[in-house]
Amino acid sequence: MSLIQISGRADMALLEIETLSTAFTSRQGEVLAVDRLSLQVERGETLAIVGESGCGKSVTALSTMRLLPEPHGRITGGHIRFEGRDLAGLSEAEMRKVRGRDIAMIFQEPMTSLNPALTIQRQIGETVRLHMRLNKSDVRARSLEMLELVQFPEAERRLTQYPHELSGGMRQRVMIAIALACDPKLLIADEPTTALDVTIQAQILEILRDLSARLGMATLLITHDLGVVAEMAARVVVMYAGRMVEQGAVADVLRHPRHPYTVGLLAAVPKLGSSLNEGPRQSLAEIPGTVPLVRSAQTSCAFAPRCPLAVDQCRRELPPAVEVGPSHVSACWRTKDVPAMAAKLREGAL
């Protein structure tokens, strides 16, 4: 899928990440967390990035927001274009004007993002004052409006409370309220429900889906949960070892995966089984091994050591992303053999 190259046009992708590479310096040397990643987010759509821990999902989000921990983390190559403007080349002062106003982000654990010494009203108001320049009474009105927008119970009374006085679900709603306070065009949600129980997860996802539709806001959803992907996103990017290995419409990728890693992720989703003797039980598959640490730009398939389909070519050459269907791409030398692999895995023969 290529970006329509017409600067300033409404039909241009809202966000385009092009061959992005991000590295971290460690005691063991440099680690390449994102390796020449390319993707785009269209206006108003929800795009999910999915993969195991360590695959580069969150680093992609932090790179987009220019929130990498310095001096250890840095963007080493590529472009991050938002409405045609390359964020990777902006100064920190220029980037501060983008954060919160045009692009907002919510994180997995709100207690590490909210200030424990400030009231909820003050924390929502900080963003509003910075970007919208409202007076004191308007800031309070906007803060209340945002809490009501995210379906906060007893919103007016909660304005004067502190984060420690709220439940985990309420704190996450505050984070969403802060993120949406200035009507951003793009929301980046990094594992927004992982730390919450199942009931609260469903409520938060419903709020995000409803607000995205009502406000016409694009969402970049970072998650490891394929159930969340199926429920929330229109398209999905599957990442492994810092690279995109499969991308396409959610229905196509989840129903007809064309990369062995995607098949493994789907097989690892808990499913209820049954037995006349044992009663209900859960059957789980697993992908043997772990995501590798990548030290330099990859020249072969990083998934090969864990892949049941790997052949010598996989260990020697980096597979290109090729179309396997309408707007569906996979980076695998043996993509034609993946459907048979998936069928064997479902039958328990692999």
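Here are some questions and answers about the structure above.

User: Before we start, what kind of model is this, and how are residues numbered?
Analyst: This is a predicted model, where local features need pLDDT of at least 70, side-chain atom pairs count only at pLDDT 80 or more, and totals for chains, interfaces and linings use all residues. Side-chain values use heavy atoms, with hydrogens and water left out, and residues are numbered along each chain as its sequence is written, from 1.

User: What is the strand order in the open sheet of four strands?
Analyst: Strands here are DSSP runs of E with at least two residues, and helices are runs of H or I with at least four, both numbered from the N terminus. Two strands pair if DSSP finds at least two bridges between them. In this open sheet the pairing is antiparallel, and the order is β2-β1-β4-β5.

User: And which strands sit at its edges?
Analyst: An edge strand here pairs on one side only. The two that do so are β2 (29–41) and β5 (85–86).

User: How many bridges join β1 to β2, and which residue is the partner of Ile17?
Analyst: Strand β1 (residues 15–26) runs antiparallel to β2, and the two are joined by nine bridges. Within β2, the bridge partner of Ile17 is Leu39.

User: Which helix packs on that sheet, and at what angle to β1?
Analyst: Contact means heavy atoms within 4.5 Å. Axes are lines fitted to C-alpha atoms, for helices over the stretch in contact, and angles run from 0 to 180 degrees between N-to-C directions. The helix touches β1, β2 and β4 (73–82). It is α1 (residues 57–65), and its direction makes about 105° with that of β1.

User: What about the sheet of eight strands: which of them stand at the edges?
Analyst: This open sheet has mixed pairing and the order β6-β7-β8-β3-β9-β10-β14-β13. Each edge strand has a single partner strand, so one side of each is left without a neighbour in the sheet. Those strands are β6 (103–106) and β13 (322–325).

User: What is the average twist from one strand to the next there?
Analyst: In this sheet of eight strands, the twist from one strand to the next averages 20°.

User: Which helix lies across β6 and β7?
Analyst: The helix in question runs at about 175° to β6. It is α6.

User: How far apart are the end C-alpha atoms of α4?
Analyst: Helix α4 covers residues 136–149, which is 14 residues. The expected span of a helix is 1.5 Å times one less than its number of residues, and for α4 that comes to 20 Å. The model agrees, with the end C-alpha atoms apart by 20 Å.

User: Which residues of α4 are buried, and what covers them?
Analyst: Buried means under 20% relative accessible area, exposed over 50%, and partly exposed in between (1.4 Å probe, protein chains only). The buried ones in α4 are Val139, Arg142, Ser143, Leu144, Met146 and Leu147. Their cover includes α3 (120–132), α5 (155–158) and α6 (168–180).

User: Is Ala213 buried or exposed?
Analyst: Ala213 is found in helix α7 (residues 198–215). Its relative accessible area is 65%, so Ala213 is exposed.

User: How far is Cys332 from the nearest cysteine sulfur?
Analyst: Cys332 is buried, with a relative accessible area of 12%. Cys332 is in no disulfide either, as the nearest cysteine sulfur, that of Cys307, is away by 6.1 Å.

User: Which residues do ring pairs link into a cluster?
Analyst: Rings of Phe, Tyr and Trp (its six-membered ring) pair if their centres lie within 6.5 Å; planes under 30 degrees apart count as stacked, over 60 as edge-to-face and the rest as tilted. Tyr240 and Tyr261 have ring centres 4.7 Å apart and planes at 55°, so they form a tilted pair. Tyr261 and Phe303 have centres 5.3 Å apart and planes at 65°, so that pair is edge-to-face. The cluster is Tyr240, Tyr261 and Phe303.

How values were computed
Disulfide = S-S within 2.5 Å.
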